[in-house]
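The following report describes selected features of one protein model. Please examine the sequence and structure before reading on.

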Amino acid sequence: MQKSKSNVHYQVSVKSITSHEFNVTLSIENPDKTGQLLSLPAWIPGSYMIRDFAKNIIQISAFNAAGEILNITKQDKQTWRVSPCIGKLTIEYQVYAYDLSVRGAYINDEYAFFNGTNMFLAVEGQTSQPCSVELIKPKENTLSHWKVATTLTSNKHLSHEFGHYWAKHYDELIDHPVLLGEFDIVPFETSGVKFELILAGGHQADTNRIKSDLTKICQHQIEFFKDSPPIGHYQFITLLTDNAFGGLEHISSTALMYSRKDLPSLYQKENMTDGYQTFLSLCSHEFLHTWHVKRTKPEELFEAKLDCEKYTEQLWIYEGFTSYYDDLSLLRCGVVKQEEYLNVMAKNLTRLVRNKGRFKQSITESSYDAWTKFYKQDESSINNIVSYYNKGAVLAMCLDLLIKQKTDNKQTLDDVMRYLWAQYGKLGIPTHKLSVQKIVADDLNIDLSDFFELALYTTQELPFEKLLSQFGINVNYSARDKLGDKGGSISTTPFMFDFGAQLKDKDIGVEVLQVTQPSASFNAGLQVKDVIIAINNWQISTDNLKYIINNLELKQQVPLTILRDKKLKNLSFTAERVVLDSIHLSVNDVEKCQSWLA
């Protein structure tokens, strides 16, 4: 049944593939009689960085009901005022779309993708009113096969046709990404929810296997909350490229970017590659956000305006807890084996212990400074900041184990998640910075105030090693196997001496990308962008670095030849004791381990 006409209506078409432009027409039936204000968001929910989407508006014009041109004046970087008019107001503008990301807008010859934050001007005074969108099908014969993927409401359930779509208000409108183009649709259903995996960009994947695994993951997460799901349909809109990674949650969908070569192919059968496991973890992470971010959310981000930064200490709850459960869900629903899960957890722990910034920034500071530090990382970040995703996941694991320990496995972090949903998300009530602590104290009747103080507001180490040992897990430390070593296993041919820098190959030598403090490279005076030509007079590459380093002796000083700003310099490198910062987890008590993972 067709919806009644809204007072605010948008029309979107692809103006030019070659110049990557959308054309948008905005019709306002009852504009502000004193002059209508229009604005575009500066950031997109879930990605805490000012993006200034208005910079991509190329031209903008305004017309009254008679088609006469109206004056439109820019008020600031993202706001316009249109001169007063009687009757219908029409705004026409073009949007440049060549940001291939989950948060942007992008057009190529295969598809056109956009988020509402990039495209839809907000009509001040009417953002709480229903609005509609007409998606115009391209006229070119070569694009006649294009279709639509979005969870915006239409006349037909999960329609893939061009035409009219609706939203209850502006915030809902911009929370449904839209894909126009050629793509594969993989439908599945579980727990009364209809799902679609959308794959754009071309692939050779085993979609039946992905469908089977995603069905298990989605069913597990729906059942996890022990409540009716807040959605009736959901889309995984996936933009495939040669090498990409990203995800952004929405109210009933997610936008993903991933490497097509890391999806499982038919010949791989049941082999679980690291790349495919990471894809499933990404899907798990974003789907869990359907509850835990999109509905249960911090008070600072609840109905937040998108014109400037909104600061919160609570991202450890939302991204940290979700980063713990995304991989754990794969184990619980049988998609990965225990050994594969412990390998991933070991990599997460490795990442944390290698992050020297954990001694300088607390996890709540990391959350609060997401806008200026976490989302604007540079070569110094490894030494100066900590990730609320990574440390948050380890914190969640510690909290889970502590709750189990204190209640003899009768209660877990699962209960905290369900209380968060029942007491906050389901009721539309935002969380405050003490909500988790309050649930643990009041609902679980456990005093963990000392742990919360240490974990949230200090830079002291989390007690993960002690807690894991109490659940039958040994935390084993070893030296790195190679520069790109991520942990998870013990090498039989590790580095014998410390190096402490990340590198990439050049035509001659290697470029320094990052220097850890302290380390042998830092002590030698290496800087980011230096090009190392030789160590001990031997030419260096990423392939032979370990061989050359391992042929030194402890405390031996050797020449280090570099190019800095195209000037040849000679430094001195000292072979220092190797740092054991690769973690491998092993089970020493199966029964205790199962009390955690079962």
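Over the face of which ring does R418 lie? R418 lies over the face of F224, at 4.9 Å from the ring centre. A charge counts as over a ring if NZ of Lys or CZ of Arg is within 6 Å of the ring centre and within 35 degrees of the ring normal.

The model is predicted: local features need pLDDT of at least 70 and side-chain atom pairs pLDDT 80 or more, while totals for chains, interfaces and linings use all residues. Residues are numbered from 1 along each chain as its sequence is written, and side-chain values use heavy atoms, with hydrogens and water left out.

**Aromatic pairs**

The structure holds 34 aromatic pairs. Rings of Phe, Tyr and Trp (its six-membered ring) pair if their centres lie within 6.5 Å; planes under 30 degrees apart count as stacked, over 60 as edge-to-face and the rest as tilted. Two edge-to-face pairs are tabulated below.

| Pair | Centre to centre | Angle between planes |
|---|---|---|
| W43 and W371 | 4.9 Å | 90° |
| F195 and F287 | 5.4 Å | 70° |

W43 lies in the loop between β3 (37-39) and β4 (57-63), and W371 in the loop between α7 (363-368) and α8 (381-384), so their pair ties together parts that are 328 residues apart in sequence. Helices (H or I, at least four residues) and strands (E, at least two) are DSSP runs, numbered from the N terminus. W43 counts as buried at 2% relative accessibility, and W371 is buried with a relative accessible area of 4%. Buried means under 20% relative accessible area, exposed over 50%, and partly exposed in between (1.4 Å probe, protein chains only).

The pair of F195 and F287 links strand β17 (residues 193-200) with helix α4 (residues 274-288), 92 residues apart. Both F195 and F287 are buried. They also belong to one aromatic cluster, whose members include F224, Y234, W291 and W421.

**Sheet and hairpin**

An open sheet of 7 strands has mixed pairing and the order β5-β4-β8-β2-β1-β12-β14. Its edge strands, β5 (69-70) and β14 (163-167), each pair on one side only. Strands pair if DSSP finds at least two bridges between them. Strand β12 (residues 131-135) runs antiparallel to β14 and is joined to it by 5 bridges; in β14, H164 is the bridge partner of E134.

Elsewhere, 4 bridges join the antiparallel strands β24 (residues 531-535) and β26 (residues 557-564), with L563 in β26 as the bridge partner of V531. β26 also pairs in the antiparallel sense with strand β27 (residues 567-574), over 8 bridges. Here the bridge partner of R564 is K567. β26 and β27 form a hairpin with 2 residues between them, and D565 in the turn has a positive phi of about 55°.

**Second largest pocket**

The lining of the second largest pocket comprises 38 residues, of which D171, D175, I251, K294 and K297 lie nearest its centre. Elements that give two or more residues to this lining are α2 (170-173), α5 (315-332) and α10 (413-425). The most comes from α5, with 3 residues. A pocket is an open set of points on a 1 Å grid over the protein atoms alone, where a 1.4 Å probe fits, with protein on both sides within 12 Å along at least five of seven lines; lining residues have an atom within 4 Å of a point.
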